[in-house]
Each structure stands twice: as structure tokens, then as C-alpha cells.
Amino acid sequence: RRVHGGIFWNIVCSMASPAPSPDVVNIRFLMIDNYVIQRVFPPNTTVLEIKSSLSKSWPAEKAPGPQPQLIRIIYSGKILENETRLDQTNAAVGTTWVTMHLSIIPSGQATKPAPKAEPPTPAKQHRQCCAIL
């Protein structure tokens, strides 16, 4: 297994992780096939900037790099929105590696919005009544 490190695109061919850098967020992206990509970003970096960086420097041994809009980053059980900055996610700065999950949306599903739940109409509401005789 290969581990890719930092913005500087150092490739570390071992299971050991480089020492975390201070004053930055050290992120270990874990993909569904257990492939790990490690990057280092300033705390004010947005999720969209991270996606763009990952897309541009996608590992050669993986399939061609996806477009940024097809990358989904999940942290603490939540899909991170493009406008969110790392410092808004409560990710630890400097001392440890933060694990975020990385998933790729199939290209045919990227433009389909998620269905929204409609509020019940009066005809669909369940009504209860009680009759005392």
C-alpha cells in the first residue's frame, strides 16, 4: 500500500506516517478500498480547495482523477459542504493526523439533486379520534 504525503507530493512507500506538521491540518483521506492519501492544508482552506487539490494531484495508480464536484469528503459522519473551512470542522491542528473519508460520486449521479421530503397535506395526515359512549 502506498501513502502519499503533503502538498509537496512526497510519496512515502511504507506504512509509517510522517510526523505531523504544526499550524496546519494533517489529513489522512481514506478511500473505500483502504487506499490512503495524506495531505497537509492550512486551517483556512475550504473543502472546495481541498477537492481541487486532490483532483489535480490524483494518484497515478488509481483511475483518472475525478472532477472536484464528484469528490465527497466525509468527516465525523457528515458530508462536508464546499464552502466549509477546515477550522470550522473542529479538525485538530498540527499535533495529529485527522482521518477523513473520501468517496467518488458516479458521474451520472452528480447532477441529480437529492429528493426533498414534502410536508404532509391535510388529506395525507393521519387523524386520530376518541369516542366515549
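Colleague: How many residues of the protein count as buried, as a percentage of the 133?

Modeller: That's 33% of the 133 residues. Buried means under 20% relative accessible area, exposed means over 50%, and partly exposed is in between (1.4 Å probe, protein chains only). Bear in mind that this is a predicted model, where local features need pLDDT of at least 70, side-chain atom pairs count only at pLDDT 80 or more, and totals for chains, interfaces and linings use all residues. Residues are numbered from 1 along each chain as its sequence is written, and side-chain values use heavy atoms, with hydrogens and water left out.

Colleague: Okay, and which elements does the protein have?

Modeller: One helix and seven strands, running β-β-β-β-α-β-β-β from the N terminus on. Helices (H or I, at least four residues) and strands (E, at least two) are DSSP runs, numbered from the N terminus.

Colleague: What makes the buried residues of H1 line one face of the helix?

Modeller: In H1, residues 47–56, the buried ones are Val47, Ile50, Lys51, Leu54 and Ser55. Seen down the axis, they fall within an arc of 135°, so they line one face. That arc is taken from the directions from the helix axis to the C-beta atoms. These buried residues pack against E3, E4, E5 and strand E7 (97–104), and contact here means heavy atoms within 4.5 Å.

Colleague: Arg39 sits in strand E4. How do you know that Arg39 has no salt bridge?

Modeller: A salt bridge is a side-chain nitrogen of Lys or Arg within 4 Å of a carboxyl oxygen of Asp or Glu. For buried Arg39, the nearest side chain of opposite charge is Glu61, 9.4 Å away, so there's no salt bridge. (Lys and Arg count as positive and Asp and Glu as negative; His and the chain ends are not counted.)

Colleague: Then what does the side chain of Arg39 make a polar contact with?

Modeller: With the side chain of Ser57, at 3.1 Å. A polar contact is a pair of N or O atoms within 3.5 Å; within protein, one must be able to donate a hydrogen and the other to accept it, and residues adjacent in sequence count only if both atoms are side-chain atoms.
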